[in-house]
Amino acid sequence: MVMKLKAKASIPQHVCIVMDGNGRWAKNRKMPRAYGHRKGVENTRQAIEYFANAGVRHLTLFAFSSENWDRPQDEVSILMDLFLQSLEKYSTELHQNNIRIRFIGDREAFSNALKKQIQKSELLTVDNQLMTLNVAANYGGQWDILRAVKSIAKKLVNNKLNLEQVNQSELESGLSLSDSPDPDLFIRTGGEQRISNFLLWQLAYSELYFTEVLWPDFSKLEMQQALDTYAQRQRRYGKTTDQLNAEC
Ligand code: IPE
Ligand code: IPE
Ligand code: MG
């Protein structure tokens with residue numbers, strides 16, 4: 001029984017993933033990048049299922065960065081079409097599985113059809129409790145922090161806040177995901193070891209896990225490996241190992 005409780009505690013509450021490597025996966029097969037993105041969506045479905053079943057309560061997926069607009073126009077349109085199609089296809093399934101979907105990022109740049117569908121999917125699933133799935137689309141960590149700073153500046157200018165009240169929790173209240181715990185585990189597939197302007201503030205104390213495996217190949221076994229690695233980490237938050245050992 002004690003063992004079971006211990007095992008449960010080592011499941012991260014919040015996992016975030018940079019789903020990278022779709023293009024190279026397709027290129028390795030002499031296929032167009034779009035094929036890799038479609039396979040990537042299929043694997044995203046599998047990842048949502050896996051992490052929800054594993055007991056993860058918040059899953060945040062990087063789907064499209066604020067820098068990804070700089071890709072060739074036809075790839076950008078393929079990705080936008082794929083978002084819309086995937087939401088149309090999978091929203092009901094998410095709802096049936098008690099999963100809430102939310103989007104973070106600046107959605108103003110999206111087409112009206114996509115904006116509408118995002119709103120529809122969010123509304124459909126708003127009361128679901130099993131897991132919250134945050135999809136980061138047209139998201140940038142710097143954009144997020146800047147927006148929070150602007151919201152503080154606005155309150156200062158309007159005398160809704162004074163300088164002494166500007167603190168960490170006030171800034172955090174203006175960030176995306178302000179109502180979720182910070183990610184415990186950050187996973188990046190595809191071999192690059194960088195954050196690429198994903199959650200910057202929120203990753204301050206996340207455990208980082210990088211793998212060479214390309215996103216379409218990131219199987220349930222690989223997902224399990226990421227969770228197993230996380231379970232082995234000691235999160236010290238500045239303290240010493242001796243201190244932590246004395247605490248338990
Ligand atoms: C990640 O895969 C998906 C998006 C950025 C939308 P990539 O498209 O970046 O794949 P690689 O890195 O070129 O292989
Ligand atoms: C990061 O992947 C963004 C997403 C996975 C959506 P990129 O492939 O765009 O990252 P960089 O540009 O190589 O760092
Ligand atoms: Mg990439």
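1. In this predicted model, ligand 2 is surrounded by Val18, Met19, Asp20, Phe62, Ala63, Phe64, Asn68, Arg71, Arg188, Arg194 and Ser196. Strand 2, which spans residues 58-65, supplies the largest share of that shell, namely three residues.

2. Polar side chains approach ligand 2 at several places. An N or O atom in the side chain of Asp20 is 3.1 Å from an oxygen atom of the ligand. For Asn68, a polar side-chain atom lies 2.9 Å from an oxygen atom of ligand 2. Arg188 also takes part, with a side-chain N or O atom 3.3 Å from an oxygen atom of ligand 2. The protein buries 78% of the 390 Å² that ligand 2 exposes when taken alone.

3. As to location, ligand 2 sits in the largest pocket. The space taken by ligand 1 is likewise the largest pocket. Helix 2 (22-28) and helix 3 (33-54) are the elements that give two or more residues to the shell around ligand 1. Of these, helix 2 gives the most, with three residues.

4. The residues that surround ligand 1 are Met19, Asp20, Gly21, Asn22, Gly23, Arg24, Arg33, His37, Ala63, Asn68, Arg71 and Leu79.

5. The polar surroundings of ligand 1 include both backbone and side-chain atoms. A polar backbone atom of Asn22 is 3.2 Å from an oxygen atom of the ligand. In the side chain of Arg33, an N or O atom is 2.9 Å from an oxygen atom of ligand 1. Arg71 places a polar side-chain atom 2.7 Å from an oxygen atom of ligand 1. Taken alone, ligand 1 exposes 380 Å², of which the protein buries 87%.

6. A separate point concerns Thr132, which is placed in strand 4 (residues 131-139). Is this residue buried or exposed? Thr132 counts as buried because its relative accessibility is 12%, and the cut-off for buried is under 20%.

7. Which residues does Thr132 contact, leaving aside its neighbours within four places in sequence? They are Arg57, His58, Leu59, Arg100 and Arg102.

Note on methods
Residues are numbered from 1 along each chain as its sequence is written. Chains are lettered from A and ligands numbered from 1 in the order in which they are written. This is a predicted model: local features need pLDDT of at least 70, side-chain atom pairs count only at pLDDT 80 or more; totals for chains, interfaces and linings use all residues. Side-chain values use heavy atoms; hydrogens and water are left out. Helices (H or I, at least four residues) and strands (E, at least two) are DSSP runs, numbered from the N terminus. Buried means under 20% relative accessible area, exposed over 50%, partly exposed in between (1.4 Å probe, protein chains only). Contact means heavy atoms within 4.5 Å. A residue is near a molecule or strand if one of its heavy atoms lies within 4 Å of it. A polar contact is a pair of N or O atoms within 3.5 Å; within protein, one must be able to donate a hydrogen and the other to accept it, and residues adjacent in sequence count only if both atoms are side-chain atoms. Accessible areas come from the Shrake-Rupley method with a 1.4 Å probe; for residues, only the protein chains shown count as cover. On a 1 Å grid over the protein atoms alone, a cavity is a set of points where a 1.4 Å probe fits but cannot get out, and a pocket is an open set with protein on both sides within 12 Å along at least five of seven lines; lining residues have an atom within 4 Å of a point. A molecule sits in a cavity or pocket if more than half of its atoms lie within 2 Å of its grid points.
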